[in-house]
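Trainee: I would like to go through this model one step at a time. Can we start with single residues and then move on?

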Amino acid sequence: MSIAMRVPASELSWVLEWEAIKGEKGRKEIGKRSGSAAGRVYCGRTEKLLASEGSRGKLKEVTAVEMKSFGAHVGVCYGLLGDNLPPPHEVIHLYKHNNIPRMRIYSPLPHVLQALRGSNIEVMVGVANEDLCHIATNMANAYSWVHNNIRNYANVNFRYIAVGNEIHPPAWEANHLLAAMKNIHRAISEAGLGNQIKVSTPFSTEILGESYTLHPKFGYQNMFDAVLDAAYSALEKAGGGSLEIVVAETGWLSAGGLASTVENARTYNTNLLRHVKGGTPKRPGKPIQTYLFSMFNENKKEPAFEKHWASFIQINSLYTILEIECSKGHG
(Lines give C-alpha, C1' and ligand atoms only; values in the text may rest on other atoms or scores of the structure.)
Protein backbone atom coordinates (compact mmCIF):
# COMPACT_ATOMS: atom_id res chain seq x y z
CA MET A 1 0.00 0.00 0.00
CA SER A 2 1.10 3.57 -0.46
CA ILE A 3 0.11 7.17 -0.72
CA ALA A 4 0.56 10.13 -3.02
CA MET A 5 -0.16 13.72 -2.14
CA ARG A 6 -0.42 17.16 -3.71
CA VAL A 7 0.56 20.36 -1.97
CA PRO A 8 -2.16 23.05 -2.34
CA ALA A 9 -1.08 25.53 -5.02
CA SER A 10 -1.32 28.49 -2.65
CA GLU A 11 1.43 26.98 -0.50
CA LEU A 12 3.75 25.85 -3.24
CA SER A 13 5.45 29.19 -3.69
CA TRP A 14 7.35 28.49 -0.49
CA VAL A 15 8.94 25.28 -1.74
CA LEU A 16 11.95 27.03 -3.26
CA GLU A 17 15.09 27.23 -1.16
CA TRP A 18 15.43 30.92 -0.29
CA GLU A 19 19.19 31.11 -0.49
CA ALA A 20 19.10 30.10 -4.15
CA ILE A 21 16.69 32.78 -5.40
CA LYS A 22 18.84 35.35 -7.17
CA GLY A 23 18.16 38.86 -5.90
CA GLU A 24 15.51 40.64 -3.86
CA LYS A 25 13.13 40.87 -6.83
CA GLY A 26 13.03 37.11 -7.08
CA ARG A 27 12.37 36.72 -3.37
CA LYS A 28 9.48 39.17 -3.49
CA GLU A 29 8.00 37.52 -6.58
CA ILE A 30 8.07 34.05 -5.04
CA GLY A 31 6.75 35.38 -1.76
CA LYS A 32 3.45 36.60 -3.21
CA ARG A 33 1.89 33.17 -2.66
CA SER A 34 -0.85 33.51 -5.22
CA GLY A 35 -3.48 30.82 -5.62
CA SER A 36 -2.23 30.02 -9.12
CA ALA A 37 -0.33 26.79 -9.53
CA ALA A 38 3.28 27.85 -9.13
CA GLY A 39 4.58 24.35 -8.58
CA ARG A 40 3.51 20.87 -7.63
CA VAL A 41 4.60 18.16 -5.23
CA TYR A 42 3.22 14.66 -5.36
CA CYS A 43 4.30 11.99 -2.93
CA GLY A 44 3.62 8.28 -3.18
CA ARG A 45 5.31 5.10 -2.11
CA THR A 46 4.75 3.70 -5.60
CA GLU A 47 5.63 5.73 -5.10
CA LYS A 48 14.92 21.15 -17.71
CA LEU A 49 15.40 22.19 -21.24
CA LEU A 50 16.83 20.99 -24.61
CA ALA A 51 17.38 23.29 -27.58
CA SER A 52 18.95 22.73 -30.99
CA GLU A 53 20.18 24.59 -34.02
CA GLY A 54 19.08 22.81 -37.17
CA SER A 55 17.98 19.22 -37.41
CA ARG A 56 21.34 17.92 -36.18
CA GLY A 57 23.01 21.05 -34.93
CA LYS A 58 24.92 21.85 -31.80
CA LEU A 59 22.79 21.90 -28.65
CA LYS A 60 22.64 25.02 -26.55
CA GLU A 61 22.33 25.05 -22.75
CA VAL A 62 18.87 26.21 -21.74
CA THR A 63 18.36 23.58 -19.09
CA ALA A 64 16.22 24.19 -16.03
CA VAL A 65 18.20 21.62 -14.05
CA GLU A 66 21.83 20.59 -14.10
CA MET A 67 21.95 17.10 -15.57
CA LYS A 68 25.01 16.16 -13.55
CA SER A 69 22.78 16.40 -10.46
CA PHE A 70 20.73 13.28 -11.23
CA GLY A 71 21.37 10.43 -8.83
CA ALA A 72 20.17 6.85 -8.65
CA HIS A 73 17.12 7.90 -6.62
CA VAL A 74 15.81 10.52 -9.10
CA GLY A 75 13.68 10.12 -12.21
CA VAL A 76 11.61 12.25 -14.60
CA CYS A 77 7.93 11.90 -15.57
CA TYR A 78 7.33 11.32 -19.28
CA GLY A 79 3.93 12.57 -20.44
CA LEU A 80 2.76 12.41 -24.05
CA LEU A 81 -0.08 14.94 -24.26
CA GLY A 82 1.58 16.96 -27.00
CA ASP A 83 1.64 16.94 -30.79
CA ASN A 84 5.24 18.12 -31.15
CA LEU A 85 7.14 15.64 -28.98
CA PRO A 86 10.14 13.59 -30.10
CA PRO A 87 9.58 9.88 -30.79
CA PRO A 88 10.02 7.51 -27.84
CA HIS A 89 13.36 6.08 -29.00
CA GLU A 90 14.87 9.59 -28.93
CA VAL A 91 13.37 10.20 -25.50
CA ILE A 92 14.97 7.01 -24.17
CA HIS A 93 18.27 8.16 -25.65
CA LEU A 94 17.86 11.48 -23.83
CA TYR A 95 17.26 9.73 -20.50
CA LYS A 96 20.30 7.50 -20.95
CA HIS A 97 22.57 10.24 -22.28
CA ASN A 98 21.82 12.38 -19.22
CA ASN A 99 22.02 9.50 -16.73
CA ILE A 100 18.37 9.71 -15.72
CA PRO A 101 17.76 6.26 -14.22
CA ARG A 102 13.99 6.34 -13.60
CA MET A 103 10.91 7.14 -15.66
CA ARG A 104 7.24 7.52 -14.82
CA ILE A 105 4.74 6.92 -17.62
CA TYR A 106 1.03 7.38 -17.12
CA SER A 107 -0.25 4.54 -19.30
CA PRO A 108 1.33 1.44 -20.88
CA LEU A 109 1.56 2.70 -24.46
CA PRO A 110 3.06 -0.10 -26.62
CA HIS A 111 5.37 2.16 -28.64
CA VAL A 112 6.85 3.60 -25.45
CA LEU A 113 7.29 0.19 -23.82
CA GLN A 114 8.87 -1.11 -27.02
CA ALA A 115 11.40 1.73 -26.93
CA LEU A 116 12.20 0.94 -23.29
CA ARG A 117 13.24 -2.64 -24.04
CA GLY A 118 16.77 -3.30 -22.88
CA SER A 119 17.30 0.26 -21.64
CA ASN A 120 17.47 -0.74 -17.95
CA ILE A 121 15.60 2.47 -17.03
CA GLU A 122 13.44 1.79 -13.96
CA VAL A 123 9.80 2.34 -14.94
CA MET A 124 6.72 3.38 -12.99
CA VAL A 125 3.70 2.63 -15.18
CA GLY A 126 0.13 3.72 -14.57
CA VAL A 127 -3.23 1.97 -14.77
CA ALA A 128 -5.74 4.47 -16.17
CA ASN A 129 -8.62 5.59 -13.96
CA GLU A 130 -11.12 4.46 -16.58
CA ASP A 131 -9.74 0.89 -16.42
CA LEU A 132 -10.25 0.43 -12.68
CA CYS A 133 -13.84 -0.82 -12.77
CA HIS A 134 -13.31 -3.75 -15.11
CA ILE A 135 -10.03 -4.71 -13.39
CA ALA A 136 -11.65 -4.55 -9.96
CA THR A 137 -14.72 -6.59 -10.91
CA ASN A 138 -13.08 -9.33 -12.96
CA MET A 139 -9.80 -11.03 -12.04
CA ALA A 140 -9.39 -12.18 -15.62
CA ASN A 141 -9.08 -8.54 -16.68
CA ALA A 142 -6.29 -8.01 -14.14
CA TYR A 143 -4.43 -11.06 -15.48
CA SER A 144 -4.90 -9.71 -19.01
CA TRP A 145 -3.60 -6.23 -18.07
CA VAL A 146 -0.48 -7.68 -16.45
CA HIS A 147 0.10 -10.09 -19.34
CA ASN A 148 -0.31 -7.48 -22.08
CA ASN A 149 1.53 -4.61 -20.41
CA ILE A 150 4.11 -6.22 -18.11
CA ARG A 151 4.84 -9.85 -19.02
CA ASN A 152 4.92 -9.11 -22.75
CA TYR A 153 7.82 -6.72 -22.06
CA ALA A 154 10.10 -8.97 -20.04
CA ASN A 155 13.19 -6.89 -20.81
CA VAL A 156 11.64 -3.65 -19.53
CA ASN A 157 12.74 -2.84 -15.99
CA PHE A 158 9.37 -2.28 -14.30
CA ARG A 159 9.60 -1.07 -10.69
CA TYR A 160 6.16 0.30 -9.78
CA ILE A 161 2.56 0.04 -10.98
CA ALA A 162 0.53 3.12 -10.06
CA VAL A 163 -3.10 2.02 -10.03
CA GLY A 164 -5.22 5.06 -10.85
CA ASN A 165 -4.15 8.65 -10.27
CA GLU A 166 -5.41 11.11 -7.64
CA ILE A 167 -8.69 9.36 -6.93
CA HIS A 168 -10.62 10.65 -3.93
CA PRO A 169 -14.14 10.10 -2.67
CA PRO A 170 -16.75 10.88 -3.82
CA ALA A 171 -15.26 10.13 -7.26
CA TRP A 172 -16.90 6.98 -8.61
CA GLU A 173 -13.52 5.37 -9.26
CA ALA A 174 -12.88 5.33 -5.52
CA ASN A 175 -15.38 2.49 -5.22
CA HIS A 176 -13.13 0.28 -7.34
CA LEU A 177 -9.64 1.47 -6.40
CA LEU A 178 -8.78 -0.93 -3.59
CA ALA A 179 -10.17 -3.97 -5.40
CA ALA A 180 -8.25 -3.02 -8.55
CA MET A 181 -5.02 -2.68 -6.57
CA LYS A 182 -5.56 -6.06 -4.94
CA ASN A 183 -6.24 -7.75 -8.26
CA ILE A 184 -3.22 -6.19 -9.98
CA HIS A 185 -1.06 -7.16 -7.00
CA ARG A 186 -2.36 -10.73 -7.14
CA ALA A 187 -1.68 -10.95 -10.87
CA ILE A 188 1.84 -9.59 -10.39
CA SER A 189 2.55 -11.99 -7.54
CA GLU A 190 1.26 -15.01 -9.44
CA ALA A 191 3.50 -14.01 -12.33
CA GLY A 192 6.48 -14.29 -9.98
CA LEU A 193 7.14 -10.53 -10.05
CA GLY A 194 6.00 -9.59 -6.55
CA ASN A 195 9.51 -8.92 -5.29
CA GLN A 196 10.40 -6.78 -8.30
CA ILE A 197 7.29 -4.67 -8.88
CA LYS A 198 5.41 -2.76 -6.18
CA VAL A 199 1.74 -1.84 -6.55
CA SER A 200 0.33 1.41 -5.21
CA THR A 201 -1.81 4.46 -6.02
CA PRO A 202 -0.98 8.18 -6.04
CA PHE A 203 -3.25 10.63 -4.25
CA SER A 204 -2.98 14.29 -3.34
CA THR A 205 -2.17 16.02 -0.07
CA GLU A 206 -5.75 17.24 0.07
CA ILE A 207 -6.69 13.88 1.54
CA LEU A 208 -4.71 14.74 4.67
CA GLY A 209 -6.81 17.84 5.32
CA GLU A 210 -5.64 19.61 8.45
CA SER A 211 -5.47 16.52 10.61
CA TYR A 212 -1.71 16.24 11.00
CA THR A 213 0.38 18.79 12.86
CA LEU A 214 4.13 18.37 12.70
CA HIS A 215 6.32 18.60 15.77
CA PRO A 216 7.75 22.14 16.05
CA LYS A 217 11.17 20.84 17.04
CA PHE A 218 11.90 20.10 13.38
CA GLY A 219 11.69 23.76 12.33
CA TYR A 220 10.72 23.15 8.71
CA GLN A 221 12.33 25.42 6.15
CA ASN A 222 10.30 24.30 3.12
CA MET A 223 6.90 22.84 2.27
CA PHE A 224 8.44 19.84 0.55
CA ASP A 225 9.77 18.38 3.82
CA ALA A 226 6.67 19.40 5.76
CA VAL A 227 4.35 17.58 3.35
CA LEU A 228 6.42 14.41 3.34
CA ASP A 229 6.67 14.29 7.11
CA ALA A 230 2.94 14.96 7.47
CA ALA A 231 2.41 11.94 5.24
CA TYR A 232 4.76 9.85 7.37
CA SER A 233 2.83 10.94 10.47
CA ALA A 234 -0.42 9.87 8.82
CA LEU A 235 1.07 6.51 7.87
CA GLU A 236 2.29 5.95 11.44
CA LYS A 237 -1.16 6.72 12.82
CA ALA A 238 -2.67 4.21 10.38
CA GLY A 239 -0.17 1.49 11.33
CA GLY A 240 2.00 1.95 8.25
CA GLY A 241 5.04 3.53 9.81
CA SER A 242 7.42 1.13 8.08
CA LEU A 243 6.32 2.19 4.58
CA GLU A 244 8.53 4.35 2.38
CA ILE A 245 7.25 7.34 0.45
CA VAL A 246 8.30 8.05 -3.11
CA VAL A 247 7.71 11.51 -4.58
CA ALA A 248 5.89 10.68 -7.80
CA GLU A 249 5.74 14.24 -9.17
CA THR A 250 7.37 17.51 -8.27
CA GLY A 251 8.34 20.46 -10.43
CA TRP A 252 8.10 24.17 -11.19
CA LEU A 253 6.40 26.07 -14.00
CA SER A 254 8.65 27.72 -16.56
CA ALA A 255 5.78 29.82 -18.02
CA GLY A 256 2.07 30.50 -17.58
CA GLY A 257 1.82 31.20 -13.84
CA LEU A 258 3.11 33.11 -10.83
CA ALA A 259 6.92 33.20 -10.64
CA SER A 260 7.02 30.91 -13.68
CA THR A 261 10.42 31.53 -15.25
CA VAL A 262 13.15 29.24 -16.50
CA GLU A 263 15.46 30.60 -13.81
CA ASN A 264 13.00 29.80 -11.01
CA ALA A 265 12.40 26.36 -12.49
CA ARG A 266 16.17 25.82 -12.61
CA THR A 267 16.48 26.98 -8.99
CA TYR A 268 13.74 24.70 -7.74
CA ASN A 269 14.83 21.65 -9.70
CA THR A 270 18.53 21.99 -8.97
CA ASN A 271 17.96 22.58 -5.25
CA LEU A 272 15.46 19.74 -5.14
CA LEU A 273 17.94 17.25 -6.59
CA ARG A 274 20.46 18.29 -3.98
CA HIS A 275 17.92 18.33 -1.17
CA VAL A 276 16.40 14.87 -1.64
CA LYS A 277 19.75 13.21 -1.08
CA GLY A 278 19.44 13.84 2.66
CA GLY A 279 15.89 12.81 3.58
CA THR A 280 13.48 14.83 5.73
CA PRO A 281 13.72 16.02 9.36
CA LYS A 282 11.51 13.11 10.43
CA ARG A 283 13.36 10.57 8.27
CA PRO A 284 16.90 11.97 7.90
CA GLY A 285 19.87 10.41 6.17
CA LYS A 286 18.07 8.39 3.49
CA PRO A 287 17.65 9.67 -0.09
CA ILE A 288 14.06 10.25 -1.20
CA GLN A 289 13.04 8.57 -4.44
CA THR A 290 11.80 11.52 -6.49
CA TYR A 291 10.37 12.10 -9.97
CA LEU A 292 10.65 15.52 -11.59
CA PHE A 293 7.55 16.70 -13.43
CA SER A 294 7.88 16.65 -16.37
CA MET A 295 10.14 15.72 -19.29
CA PHE A 296 8.57 18.01 -21.93
CA ASN A 297 6.01 20.77 -22.30
CA GLU A 298 2.72 19.18 -23.38
CA ASN A 299 0.66 21.52 -25.54
CA LYS A 300 -2.53 19.44 -25.41
CA LYS A 301 -2.92 19.67 -21.64
CA GLU A 302 -5.51 21.86 -19.93
CA PRO A 303 -5.77 24.20 -18.12
CA ALA A 304 -3.11 26.36 -19.74
CA PHE A 305 -0.63 26.30 -16.83
CA GLU A 306 -0.38 22.51 -17.20
CA LYS A 307 1.46 22.99 -20.50
CA HIS A 308 4.72 24.38 -19.08
CA TRP A 309 6.45 21.91 -16.76
CA ALA A 310 9.26 20.78 -19.05
CA SER A 311 12.66 19.57 -18.03
CA PHE A 312 13.56 19.70 -21.74
CA ILE A 313 11.89 22.00 -24.25
CA GLN A 314 11.67 22.32 -27.99
CA ILE A 315 13.26 25.24 -29.82
CA ASN A 316 12.47 26.17 -33.44
CA SER A 317 10.14 23.15 -33.72
CA LEU A 318 13.10 20.75 -33.66
CA TYR A 319 14.52 18.31 -31.15
CA THR A 320 18.09 17.08 -31.49
CA ILE A 321 19.30 14.53 -29.00
CA LEU A 322 23.06 14.81 -29.11
CA GLU A 323 24.56 16.42 -26.04
CA ILE A 324 23.69 19.06 -23.49
CA GLU A 325 26.22 21.70 -22.48
CA CYS A 326 25.07 22.23 -18.92
CA SER A 327 25.85 25.44 -17.12
CA LYS A 328 28.18 24.91 -14.18
CA GLY A 329 27.23 28.15 -12.47
CA HIS A 330 23.61 27.55 -11.41
CA GLY A 331 22.55 26.34 -7.99
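This is a predicted model: local features need pLDDT of at least 70, side-chain atom pairs count only at pLDDT 80 or more; totals for chains, interfaces and linings use all residues.

Trainee: Where does Ile-288 lie, in a helix, a strand or a loop?

Mentor: Look at the elements on either side of Ile-288: helix H8 (262–275) and strand E11 (290–292). Ile-288 lies between H8 and E11, in the loop.

Trainee: Is Ile-288 buried or exposed?

Mentor: A residue counts as buried when its relative accessible area is under 20%. The value for Ile-288 is 7%, so Ile-288 is buried.

Trainee: How far apart in space are Ile-288 and Val-276, C-alpha to C-alpha?

Mentor: In sequence, Ile-288 and Val-276 are twelve residues apart. Ile-288 also touches Val-276, and its other contacts include Phe-224 and Leu-228. The C-alpha atoms of Ile-288 and Val-276 are separated by 5.2 Å.

Trainee: What span should helix H7 have, and what is the distance between its end C-alpha atoms?

Mentor: H7 covers residues 223–237, which is 15 residues. The expected span is 1.5 Å times one less than the number of residues, so H7 should span 21 Å. The distance between its end C-alpha atoms agrees, at 21 Å.

Trainee: Which residue caps the N-terminal end of H7?

Mentor: The cap is made by a side-chain oxygen, 3.2 Å from the backbone nitrogen of Phe-224. The residue that supplies this oxygen is Asn-222.

Trainee: How many of the residues of H7 are buried?

Mentor: H7 is mostly covered. Of its 15 residues, the number buried is 13.

Methods:
Residues are numbered from 1 along each chain as its sequence is written. Side-chain values use heavy atoms; hydrogens and water are left out. Helices (H or I, at least four residues) and strands (E, at least two) are DSSP runs, numbered from the N terminus. Buried means under 20% relative accessible area, exposed over 50%, partly exposed in between (1.4 Å probe, protein chains only). Contact means heavy atoms within 4.5 Å. A polar contact is a pair of N or O atoms within 3.5 Å; within protein, one must be able to donate a hydrogen and the other to accept it, and residues adjacent in sequence count only if both atoms are side-chain atoms. Lists of a residue's contacts leave out its neighbours within four places in sequence.
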